[in-house]
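Welcome, and thank you for joining this tour. Please open the structure in your viewer and keep the selection tool handy.

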Amino acid sequence: MDIRAIRLYLDLCETLHFGQTAANLHVSPSTLSRVLQRLEEEVGSKLMERDNRTVALTHAGKLFRQYAQDTQHRWYLLKQELDSDKNLLRGTLQIYCSVTAAYSHLPALIDKFRRQQPLVDISLTTGDAANAMRELQNQRADIAIAALPEDFPHQLHFSPIGKVALSVIAPAIQCQLQSLLDQSPIPWEKLPFIVPDHGPGRLRMERWFAAMGINAKIYAQVGGHEAIVPMVALGCGVSITPQVVVNNSPMMDRIRQLESPIAIAPFELGCCCKKKRMEDPLVKAFLDVI
């Protein structure tokens with residue numbers, strides 16, 4: 001089966017959009033349609049249901065996606081095995097992390113990795129760190145940088161790279177919250193809170209509320225700590241967020257830190273991957289630089 005057709009199919013599985021995949025891989029939409037038709041003829045089943053507006057994988061399409069991923073992976077391994085210079089790997093390593101981690105932790109790791117493997121391409125996707133485990137499990141990333149959750153999936157591997165302190169943050173500008181923030185002690189139960197919509201950060205805040213004995217007023221639930229900081233900076237509420245996110249935010253001058261009445265345990269930050277991918281040459285080479 002043509003490896004080029006495999007690549008086109010896998011990209012189409014991600015985008016579910018003929019025009020976008022055609023642009024990504026520099027082919028025409030009509031060429032992409034013909035490739036899909038040939039794959040369906042070879043497989044003997046319809047792989048995608050499509051109309052003028054939507055594209056969706058069939059059951060056969062999902063099974064073939066797994067086959068295509070395995071085939072592409074084995075192709076890369078073969079290319080590396082046949083390479084005359086076996087000390088230098090080739091291929092693309094897909095990394096997922098938050099925008100903050102891309103500033104704070106990833107550059108040092110990439111610098112070390114590139115010194116050892118200069119021919120490997122890095123494909124970086126940024127998003128909510130709370131989605132990192134899902135990105136790995138759905139095979140959209142080879143490596144993810146994320147905080148260690150309590151319910152860490154058993155099929156994943158975690159290599160620690162450091163601790164990340166958490167801070168209670170509030171707006172530094174004059175706003176409606178100032179009268180409450182200026183009181184001593186602060187009436188925490190009256191403050192509006194901005195919380196992550198899921199993930200380790202959400203769990204950490206819920207436990208903080210319980211330890212404080214307050215029935216928190218939730219102003220907003222937000223995806224990603226990078227989105228929480230500007231909402232706090234604009235005076236919408238207070239939150240608990242990694243200090244490194246504040247330090248790398250362009251709105252850090254509009255944020256002030258509040259002293260928490262109780263200690264807040266830091267996050268354990270690390271690089272994650274699937275356990276069954278740990279011996280993959282590209283993944284192993286990256287883990288070796290940690």
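Begin by selecting phenylalanine 209. Its relative accessible area is 9%, and because anything under 20% counts as buried, phenylalanine 209 is buried. Keep in mind as you look around that this is a predicted model.

**Stop 1: a pair of rings**

Is phenylalanine 193 buried or exposed? Phenylalanine 193 is buried, with a relative accessibility of 0%.

A pair of aromatic rings is described by the distance of the centres and the angle of the planes. A search of the whole structure turns up 8 aromatic pairs. Phenylalanine 193 and phenylalanine 209 form an edge-to-face pair, with 4.9 Å from centre to centre and 70 degrees between the planes. The two partners are 16 residues apart and link distant parts of the chain: phenylalanine 193 sits in strand E8 (residues 192–196), and phenylalanine 209 sits in helix H9 (residues 200–212).

Together with Phe193 and Phe209, they form one aromatic cluster.

**Stop 2: along helix H9**

Move to alanine 210, which also has its place in helix H9. With a relative accessible area of 60%, alanine 210 is exposed, because the cut-off for that word is over 50%.

**Stop 3: the whole chain**

Zoom out and colour the chain by secondary structure. How many helices and strands does the protein chain have? The protein chain has 12 helices and 12 strands. Its C-alpha atoms fill a box of roughly 70 × 50 × 35 Å along the principal axes. Of the 290 residues in the protein chain, 45% are buried.

**Stop 4**

Two packed helices are described by the angle between their axes and the distance between the axes.

Select helix H1 (residues 3–15) and helix H4 (residues 59–82). Their axes are 9 Å apart, and the helices pack at an angle of about 130 degrees. That angle makes H1 oblique to H4. H1 passes H4 in a left-handed crossing. To see the contact, show side chains including Ile6, Tyr9 and Leu10 of H1, and Phe64, Ala68 and Trp75 of H4. By class, this contact of H1 with H4 has 9 nonpolar, 3 polar and 2 charged residues.

H1 and H3 pack with their axes 10 Å apart, at an angle of about 105 degrees. H1 and H3 are therefore roughly perpendicular to each other. Residues that make the contact include Ala5, Leu8 and Leu12 of H1, along with Leu32, Val35 and Leu39 of H3. The contact of H1 with H3 divides into 8 nonpolar residues, 1 polar and 1 charged.

**Stop 5: helices H6 and H12**

For the last stop, select helix H6 (residues 106–116) and helix H12 (residues 281–288). Their axes come within 9 Å and cross at roughly 115 degrees. H6 is therefore roughly perpendicular to H12, and their crossing is right-handed. Which residues of H6 and H12 make the contact? Look for Leu106, Leu109, Ile110 and Phe113 of H6, and for Leu282, Ala285 and Phe286 of H12. The contact of H6 with H12 has 7 nonpolar residues, no polar and no charged ones.

Definitions and conventions
Residues numbered from 1 in each chain as written. Predicted model: local features only at pLDDT ≥ 70, side-chain atom pairs only at ≥ 80, totals over all residues. Heavy atoms only, no water. Axes fitted to C-alpha atoms, helices over the stretch in contact; angles between N-to-C directions. Helix = DSSP H or I, 4+ residues; strand = E, 2+ residues; numbered from the N terminus. Parallel < 35°, antiparallel > 145°, perpendicular 65-115°, else oblique. Left-handed = near helix turned anticlockwise from the far one by under 90°. Contact = heavy atoms within 4.5 Å. Nonpolar A, V, L, I, M, F, W, Y, C, P; charged D, E, K, R; others polar. Phe/Tyr/Trp six-rings, centres within 6.5 Å; stacked < 30°, edge-to-face > 60°. Buried < 20%, exposed > 50% of the residue type's maximum accessible area, 1.4 Å probe, protein only.
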